[in-house]
Amino acid sequence: MTTNSLQELYVEQLQDLYSAEQQIIKALPKMIEASQSDELSSALKEHLEVTKKQANRIETICQELGEEPENEKCKGMEGALREGSDLVKDVAEEVRDAAIIAAAQRVEHYEMAGYGTARTYANLLGFEEAASMLEQTLEEEKEADQTLSDLAEELNVEALEAGRSAEGEETEQGTERGARAKKSASRGKRAA
Ligand SMILES: [Fe+2]
């Protein structure tokens, strides 16, 4: 079927996002289970609850428009989640949290792109309330992404160091390099 108007495109974007959220709701418990760090698993648990509310918002917006939220399969999210679960399955325990963060941030950025577009369409079409609901979700996705970036600062360095000691490289030189990596990571944090 041809999409003829911006409103039809808007509805399709909403349905796509709804499918993405449903897939994330299914995938997050597996990521939570695979996490080693308590901080990472509680951040993901919190995001699971937020995600359920985000899906409800799309239901409300679609209801107002007299449209069904379930009509599309978000193939992009399906691919991102499959890639993430393959990655997490294939990594050693030492780097698993870093891999989970890498996968989760791809998902967040994909969602941010979709919500930014949908919010802009809602504004153009004069759906003010929907635009502010979509804006709220967009802000939540940005927050989740920032939380993951903050956790990555610590967990990526841990993965780096664990890899070194696993390789038996924990010589004095290696430790110095680790300390330098930690220093530059915290410099990065200050600059951000
Ligand atoms: Fe979401």
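Start by selecting A166, which sits in helix α5; helices here are DSSP runs of H or I, at least four residues long, numbered from the N terminus. This is a predicted model, in which local features need pLDDT of at least 70, side-chain atom pairs count only at pLDDT 80 or more, and totals for chains, interfaces and linings use all residues. Residues are numbered from 1 along each chain as its sequence is written.

A166 counts as partly exposed because it has 13 C-beta neighbours inside 10 Å (buried means 20 or more other C-beta atoms within 10 Å, exposed 12 or fewer, partly exposed in between, with C-beta atoms placed from the backbone).

Next, select residues 93–124, helix α4, and residues 128–166, helix α5; the two pack at about 165° with axes 8 Å apart. Axes are lines fitted to C-alpha atoms, for helices over the stretch in contact, and angles run from 0 to 180 degrees between N-to-C directions. The angle therefore makes α4 roughly antiparallel to α5 (over 145 degrees; under 35 is roughly parallel, 65 to 115 roughly perpendicular, the rest oblique). Their contact comprises 20 nonpolar, seven polar and nine charged residues (nonpolar: Ala, Val, Leu, Ile, Met, Phe, Trp, Tyr, Cys and Pro; charged: Asp, Glu, Lys and Arg; polar: the others, Gly among them).

Finally, select helix α1 (residues 6–34) and helix α2 (residues 38–65), which pack at about 155° with axes 9 Å apart. α1 and α2 are therefore roughly antiparallel. In their contact, 16 residues are nonpolar, five polar and three charged.
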